[in-house]
Every structure is written in structure tokens, then in C-alpha cells.
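Let's take a friendly walk through a protein model. Have a look at the sequence and the structure first, and then we will start with some charged side chains.

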Amino acid sequence: MTDVHHDTADRSTVQLEEEGDIAADYIEELLDIMDLDGDIDIDARNGRAYVSVNAGEGANLNLLSKPETVSAFQELTRLAVQTKTGAFSRLILDIGGSRDARRDELASLVARAAERIDGGASEASLPPMSSYERKLVHDLVAERGLHSESRGEGADRHTVITRIG
């Protein structure tokens, strides 16, 4: 039985690496069309393929690194991967450090929510966000010693922060 599980894990890693390669090819084509330069890094961890685009000296990825643009490119890239593999992709795309910038924004949201709770609020709700962003929020909330849970459905799914206990 252990061998079967091991094979499944190997296929998963192989599949993630394939997703990363397909995504990198797709993004490289997009960058060529836009006449932009970028270095593409691929990583597979936590059951997802992570694809990062970083600029060398003189390259301009600023327009592409805006959160809405990264989200749109991520969805297009996921569709391109799904078209080639036939399987839904949960890959994460980062352009020019956009994910770190978004994590910092989420940390600020969590800090303000924690201040409301410290000020006597029983709970603090954050705006709707993706499952990936909610996961980051849950981690940030736990670091502060607070409790968080996701509520709502679909596009309205959001995180609510409360005291523990």
C-alpha cells in the first residue's frame, strides 16, 4: 500500500513540474508579445506550482505587477495549463514581487483588524479574497495569537477574525 501512495506523490510532483513548464512557456510568449524581458523561475511546493517572473536591469514589469493584472495573468495561465493537461491548475503566479507586496497589504489588514478586536470588537471581517490570500491571512492571524475562519460562498468568501476561545 505504501508503494501506491508513493507513486501518487511522484505523479503529483511530476504533474506540478509539468504545469510549471507549460506556464513558463505561456508567460514567455506573452512577454515576447509585449516586448518585455523577464526571468522565469518555477517551483513546486504545498501541492501547487509557483511561477515567478522577475525583471533584470532596465526591464519594466511595473505595469504587470499590479494585483489585478497579476490575477488576470494567473487566470489566463491556469487556463492555458488546463487546456494542455486537461486538469484544473492551482498554480500561483508572481510578477515582480507582487505576491510579497500583497502579503504586506494583507498583514496591514490583519493588523487593523487586530486593533479593532483589542479595542473591544467581538470580531473583525476582512473583504472577500482568493483561497490563497485567505490562507496567508489565516497564517498571519495565527502569528498574532488570534482565531480566524472563512465564511461565505464563492466570490463572497471572506475571513473573520476573533479572539481564541
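## Charged partners

R102, E105 and E133 are joined in a network of salt bridges; a salt bridge here is a side-chain nitrogen of Lys or Arg within 4 Å of a carboxyl oxygen of Asp or Glu. Within this predicted model, local features need pLDDT of at least 70, side-chain atom pairs count only at pLDDT 80 or more, and totals for chains, interfaces and linings use all residues. Residues are numbered from 1 along each chain as its sequence is written, and side-chain values use heavy atoms, with hydrogens and water left out.

(Helices are DSSP runs of H or I with at least four residues, strands are runs of E with at least two, and both are numbered from the N terminus.) E105 is partly exposed, at 38% relative accessibility; buried means under 20% relative accessible area, exposed over 50%, and partly exposed in between, with a 1.4 Å probe and protein chains only.

The whole structure has eight salt bridges. One of them pairs E143 with R103 at 3.8 Å, N to O. This pair links distant parts of the chain, with E143 in helix α4 and R103 in helix α3, 40 residues apart. E143 is exposed, with a relative accessible area of 60%, whereas R103 is partly exposed at 32%.

K135 and D139 form a salt bridge too, at 2.8 Å, N to O. They are four residues apart in helix α4, so about one helical turn separates them. K135 is partly exposed at 47% relative accessibility, and D139 is partly exposed at 31%.

## The nonpolar cores

Which residues touch the most other members of the largest nonpolar core? They are L106, V110, L126, V137, V141 and I161, out of 18 residues in that core. (A nonpolar core is a set of buried Ala, Val, Leu, Ile, Met, Phe, Trp, Tyr and Cys residues joined through side-chain atoms within 4.5 Å.) Helices α3 (98-118) and α4 (131-143) each supply at least two residues of this core, and α3 gives the most, with six residues.

Leaving out residues up to four places away in sequence, V110 touches L126, V137, L140, V141 and R144. Another core lies apart from this one, with 16 residues, among them L30, L31, A49 and F73.

## Two domains

The chain is divided into domain 1 (13-96) and domain 2 (100-163), with bounds that come from an automatic or database domain assignment. Their C-alpha centres lie 27 Å apart. Five residues of domain 1 are in contact with four residues of domain 2, where contact means heavy atoms within 4.5 Å.

How much area is buried between domain 1 and domain 2? The value is about 280 Å², of which carbon and sulfur atoms give 59%; buried area is the accessible area (1.4 Å probe) that two parts lose on being put together, summed over both. In domain 1, R48, P67 and I92 lose the most area to domain 2, together 73% of what that side buries. Across this interface the rule finds zero salt bridges.

## The whole chain

The secondary structure comes to four helices and six strands, in the order α-β-β-α-β-α-β-α-β-β along the sequence. Buried residues make up 34% of the 165 residues.
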